[in-house]
Amino acid sequence: MAIARQVLCLSAFLSLPHARCEPIRYSVAEERESGSVVANVAEDAGLAPAQLVARRARLASEDGRQRFRLDRGTGRLVVAERLDREELCGHSATCTLPFELLLANPLQFLRVEVTLEDVNDHAPVFPEESLTFKILEKSDPGSRFPLEGARDLDVGSNSVQAYSITPENEYFSVSFGSRSEGNKYVELVLEKPLDREEQAEVHFSVIAVDGGSPPRSGTTQIHVVVLDVNDNAPVFTQERYVVKVLENAPEGSVVLSVVATDRDVGVNGAISYKFSQTVGQRDSAFAIDLTSGEIKLTKPLDFEVAKNHELSVRATDGGGLSAICKVLVEVLDVNDNAPELVVSSFSSPLPENALPGTVVALFTVRDRDAGANGKISCALEDQLSFSLRPAYKNYYELVTVSTLDREEMARYILTVIAADAGSPPLTTTQTFTVDISDVNDNAPVFNQTSYTMYVHENNVPTVLVGAVSAADADVGPNAKVTYFLAPHHSAEQPPCSCISMNSENGHVFVLRPLDYEQVRQIEVLVSASDAGSPRLSSNVTVRLVVVDENDNAPLVLYPSQDSSPPSNELVPVSAEVGYLITKVVAVDADSGQNSWLSYHLLRATDPGLFVVGAQSGEVRLRRPVTERDAMKQKLVVLVRDNGQPALSATAALSALLLSDFSDVGLPHSSQATEDEDGSLTTYLIISLVFISLLFLVSTAAFITHKVCKRKELKDGHVLYGTGNLQSDLADAATAGTLPHAYCYEISLTTGSGNSEFKFLKPILPSLPLQHHALGGGTHDEQDFSRGPATAEEVVPGNPGMLSAEQPRSLSSN
């Protein structure tokens with residue numbers, strides 16, 4: 001029934017913020033191990049475990065100690081530390097530990113009280129391990145001798161329940177009970193008169209047994225010395241003294257004086273006073289005068305530590321008889337403690353968009369003083385944006401009352417003053433520093449509208465080429481800018497994989513070497529994003545321009561430099577000076593001055609016979625042909641570009657000096673041309689003798705064949721080809737042959753000082769402009785018009801051919 005009432009009360013409490021109701025009460029035995037389950041507080045409170053987690057449920061106590069722990073996952077209330085009832089509540093009949101269950105969003109409170117049940121964990125303890133009684137031998141049977149009872153820190157049935165004597169003897173028994181005032185007593189009762197001459201001393205033990213299960217016991221040794229007649233014991237004027245003392249009484253102040261009288265005279269009537277050594281009084285704040293019985297303070301009292309002090313005073317006469325009285329000192333409170341303000345929760349910083357009524361801090365106030373000295377009032381110093389709101393009992397909430405603006409005020413310093421009602425009143429000041437956090441309402445802004453960076457081709461991997469920078473007007477994480485490459489939205493531009501950037505500082509790196517001949521320019525989109533929620537970002541275009549390096553040697557297109565023997569150029573011996581023999585055609589994949597080619601005669605059979613045009617590559621006669629010139633001339637032309645350092649290639653070619661073009665049937669062997677000594681003549685004469693008949697027939701056939709061949713040379717075409725000059729130059733250089741998408745026509749005529757060398761357009765149709773593999777960019781259509789002197793003329797009537805009337809070097813775009 002009680003649990004149902006608590007559940008109904010809790011439901012009303014949860015429906016009305018800060019509603020008051022009876023607390024939920026539990027009980028648990030002391031000395032339980034840490035982690036022991038007390039109860040399921042979530043179930044009793046009508047809360048699901050998920051609500052405890054969502055609402056950040058936690059426990060709070062006035063003294064700040066967490067003796068219990070809340071398991072949010074199950075809603076169980078468990079013991080957080082070993083609980084000692086005697087340490088927490090002393091000898092009180094009941095021991096209750098109050099605390100609050102705090103729930104956030106919305107803020108609610110639930111009072112919980114746990115009663116600590118006593119277990120029998122302490123044995124009775126006598127104040128002294130042994131006592132000596134001096135008893136007159138003529139004492140009457142039934143005489144009673146008071147004992148200081150055993151103290152048991154446990155309460156109730158676990159406290160002392162019985163006393164006994166062991167070993168039993170015929171002289172004494174033990175009597176115990178309670179008087180009308182509620183004071184317990186323990187006395188030794190004399191059963192029969194003592195006879196000193198028969199037995200001068202009696203030894204036995206008094207055992208105190210508590211009511212626990214199993215029971216515990218304590219023992220004190222009794223030594224009875226039989227004396228001659230001293231038949232009067234001291235008697236106190238009061239069995240129980242009560243005195244009240246202010247807690248600020250100075251050290252040495254007299255609390256009171258106890259008085260005992262003895263009707264005996266002489267030594268038997270001389271009384272001395274002393275405190276009975278009881279449990280917990282070894283470090284007592286009191287001292288007693290042995291002869292006068294005055295009780296004085298030895299150190300200041302503290303009402304907040306102990307409100308009452310109980311003393312036992314023993315008065316002993318000279319004959320050894322004694323009496324005991326009780327002294328109860330009540331400590332009166334004075335206003336010596338300022339209010340205490342304990343902050344349970346504090347939220348800072350607050351977002352500037354926090355709604356009015358937002359709870360900033362939750363705190364409790366208390367005063368260890370009592371009465372009016374412990375009554376507290378709280379106030380918030382001049383402040384328009386915040387206010388104090390009473391919550392539950394001595395709890396207060398610090399809440400906002402208006403909209404906050406970080407731009408106007410980024411920090412508030414709030415002062416809460418707690419004052420008690422004492423005279424004079426004592427105050428405590430608590431300062432709350434509330435920082436207003438920024439809302440992410442500004443996107444990063446780049447310091448440039450676009451960036452252009454340069455990198456030389458054949459760069460080392462991961463080379464730094466530049467940096468971008470963006471600033472955010474917000475603060476904190478909202479202003480922390482992170483850089484990254486944004487994906488391209490254009491389908492024509494594939495994502496770039498050769499550029500990377502440092503997300504922290506915006507440094508731009510090129511991850512792999514670039515080739516200017518493949519890619520001239522790359523454009524990427526860089527995004528700068530802050531760390532706010534939601535994130536804000538902005539974009540900027542970064543243009544990476546590749547700078548050309550002289551990394552391609554010239555490539556000779558004509559004459560072909562493959563492994564086959566070079567073709568022979570036919571030169572009539574009657575040719576005039578300046579006669580065009582052939583033209584060396586070469587290209588360079590580089591651009592700018594790195595692709596400007598110059599031609600030089602490196603070697604020749606007769607160096608003075610030929611000259612090479614430095615810009616055009618045309619091989620011409622430098623002087624007229626003489627009879628001393630070899631019939632077959634070998635030339636090596638050096639083709640060199642204008643880069644730093646310069647790269648070069650060589651072109652080997654042959655020329656046949658013929659008096660008549662019918663002599664083209666002469667052997668092409670260099671040995672036959674150069675061997676003009678007598679042995680060759682002899683060999684020819686002998687050969688002609690043996691084949692004289694065959695020679696006539698062969699000569700006729702040969703002349704016929706050459707006539708046909710000359711006709712073919714007039715109309716015939718020698719084809720050479722090249723593919724895309726951007727992609728196939730390397731293949732052409734290694735294979736020694738021309739690629740296969742271009743045609744050239746050589747037309748040789750007789751009787752003319754000049755011959756034609758014509759270039760055809762590509763056989764394949766013109767390819768569309770291609771984007772660079774990375775970042776865009778286009779290749780221009782291949783032509784032969786690059787360089788300072790490389791303009792070819794289109795052959796009239798044949799738009800697919802280029803004229804070589806003015807031969808020049810061939811280069812690519």
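Analyst: Glutamate 170 has a relative accessibility of 46% in this predicted model, and because buried means under 20% and exposed over 50%, glutamate 170 counts as partly exposed. The side chain of glutamate 170 meets that of lysine 192 in a salt bridge, with 3.2 Å from N to O. Glutamate 170 lies in the loop between strand E10 (160-166) and strand E11 (172-178), while lysine 192 lies in the loop between strand E12 (184-190) and strand E13 (201-210), so the pair ties together parts that are 22 residues apart in sequence. Lysine 192 is partly exposed as well, with a relative accessible area of 30%.

Another of them joins the side chains of arginine 411 and aspartate 435, at 2.5 Å from N to O. Here the partners sit in strands, arginine 411 in strand E30 (residues 411-420) and aspartate 435 in strand E31 (residues 427-437), so the contact ties together parts that are 24 residues apart in sequence. Arginine 411 is partly exposed, its relative accessible area being 47%, and aspartate 435 is also partly exposed, with a value of 24%.

Salt bridges can also share partners, and in this way Glu22, Arg25 and Glu113 are joined into one network. Within that group, the side chains of arginine 25 and glutamate 22 meet in a salt bridge of 3.6 Å, taken from N to O. Arginine 25 counts as partly exposed, at 44% relative accessibility.

Turning from side chains to strands, one part to follow in the view is an open sheet of four strands, which has the order E42-E49-E48-E45 and mixed pairing. At the edges of this sheet stand strand E42 (568-572) and strand E45 (597-604), each with a single partner strand, so that one side of each is left without a neighbour in the sheet. From one strand to the next, the twist averages 35°. The partner of E45 is strand E48 (residues 632-641), and these two pair in the antiparallel sense over seven bridges. Along this pairing, leucine 597 stands opposite aspartate 641 in E48.

Definitions and conventions:
Residues numbered from 1 in each chain as written. Predicted model: local features only at pLDDT ≥ 70, side-chain atom pairs only at ≥ 80, totals over all residues. Heavy atoms only, no water. Salt bridge = Lys/Arg side-chain N within 4 Å of Asp/Glu carboxyl O. Buried < 20%, exposed > 50% of the residue type's maximum accessible area, 1.4 Å probe, protein only. Pairing = 2+ DSSP bridges. Axes fitted to C-alpha atoms, helices over the stretch in contact; angles between N-to-C directions.
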